[in-house]
Amino acid sequence: MRPEHGSMGFPRPGKALLGMMIAIGCIWVMFTLGLNWGGAGEGVLEPFLGISDRVLHGQVWRLLTAPLIHSPSDPWHFVMTLLGLYFLGTSLEERWGARRMVAFLFGSAAFAFALQVAVGALFPKVAQSVFYGGLGMIEAVAVAWALAHRHATVRLFFVLPVTGTMLLVFIFVISVLNVIAMRAPPEGLITPFGGMLAGYLFGDFSPLRRFYLRMRFRQLQAQSAALRRVPAARGRSSVPLRVIPGGQKDPPKDKRYLN
């Protein structure tokens with residue numbers, strides 16, 4: 001996926017995206033070398049993977065570590081995450097800043113995996129006992145980018161030009177087809193839908209964000225009205241004022257001390 005930038009060339013990711021991409025790449029290389037070449041056992045990944053039963057029993061940190069883990073036997077799995085972050089996330093970080101971008105990435109990934117766990121507990125057919133990967137995060141980035149750039153063009157797979165709206169339709173249809181075919185990625189069948197929902201809820205056009213901004217605006221209006229009332233209150237006094245005659249006369253002199 002590559003957005004069209006005309007003569008501007010390739011996008012330049014900010015420090016949040018760059019740090020996330022470096023972290024994902026280094027983590028994949030470290031675990032892959034350890035598992036495939038260093039003789040490490042598969043248990044080395046276990047503390048960081050998303051495991052539904054353990055999440056339900058309180059190990060919620062797995063919702064934050066699982067997006068950083070990718071298949072050690074499939075380089076394309078983590079490469080697609082890096083490409084999605086690079087080509088679609090750069091413009092979002094320019095709009096939001098590094099702090100909000102990091103919160104969005106981890107928050108959307110955790111939300112997507114939490115939805116996978118919840119739906120899987122209710123419908124065992126789509127349950128995923130172990131989940132990991134950045135698909136939920138990338139789906140959220142794609143939706144947030146598409147909603148903010150409805151008429152922009154992105155080169156899907158570097159070849160097929162699609163608009164933001166067409167990108168939304170594409171990722172939704174692919175996710176539905178995976179459910180129909182029961183072809184679960186490492187992230188699970190429900191995680192992509194959770195990522196899409198997170199991209200809508202946490203992006204610029206979120207109803208939650210509109211509600212927050214509306215409440216914040218009303219709070220600022222109330223503060224402004226209170227500040228305007230302060231000078232008026234200072235100009236009035238509830239205690240009546242009266243004029244006091246001139247200073248006190250000199251005290252009478254004691255004649256005993258004059259001689």
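The model is a predicted one, in which local features need pLDDT of at least 70, side-chain atom pairs count only at pLDDT 80 or more, and totals for chains, interfaces and linings use all residues. Residues are numbered from 1 along each chain as its sequence is written, and side-chain values use heavy atoms, with hydrogens and water left out.

Let me begin with the overall architecture. The protein has 9 helices and 5 strands; these are DSSP runs numbered from the N terminus, helices being H or I with at least four residues and strands E with at least two. Read from the N terminus, the order of elements is β-α-β-α-α-α-α-β-α-β-β-α-α-α. Of the 259 residues, 39% count as buried. Buried here means under 20% relative accessible area, exposed means over 50%, and partly exposed lies in between, with a 1.4 Å probe and protein chains only.

The protein exposes about 16000 Å², and carbon and sulfur atoms supply 65% of that area; the areas come from the Shrake-Rupley method with a 1.4 Å probe, and for residues only the protein chains shown count as cover. Among contacts with a separation of 6 or more, 72% join residues 24 or more positions apart, where contact means heavy atoms within 4.5 Å.

I turn to a helix pair. Two packed helices are described by the angle between their axes and the distance between the axes. Helix H1, residues 15-36, packs against helix H5, residues 98-122, at an angle of about 40 degrees, and the axes are 8 Å apart. The axes are lines fitted to C-alpha atoms, for helices over the stretch in contact, and angles run from 0 to 180 degrees between N-to-C directions. That angle makes H1 oblique to H5: under 35 degrees counts as roughly parallel, over 145 as roughly antiparallel, 65 to 115 as roughly perpendicular, and the rest as oblique. H1 contributes Lys-15, Ala-16, Leu-17 and Met-20 to the contact, while H5 contributes Ala-98, Met-101, Val-102, Leu-105 and Phe-106.

H5 also holds Ser-108. Ser-108 is buried, with a relative accessible area of 0%. Neighbours within four places in sequence aside, Ser-108 is in contact with Ala-103, Met-137, Ala-140, Ala-198 and Phe-202. The C-alpha atoms of Ser-108 and Tyr-200 are 9.8 Å apart, although 92 residues separate the two along the chain.

Next, the region around H7. Asn-178 sits in helix H7, residues 164-181, and is buried at 18% relative accessible area. Beyond its neighbours within four places in sequence, Asn-178 is in contact with Arg-183 and Leu-189. Met-182 belongs to the loop between H7 and helix H8, residues 191-202. Met-182 is not a glycine, yet has a positive phi of about 55 degrees; its relative accessible area of 38% makes it partly exposed.

Strand S3, residues 130-131, includes Val-130, which counts as partly exposed at 32% relative accessibility. Not counting residues up to four places away in sequence, Val-130 touches Leu-49, Gly-50, Ile-51 and Pro-186. The C-alpha atoms of Val-130 and Pro-186 are separated by 7.8 Å, with the two residues 56 apart along the chain.
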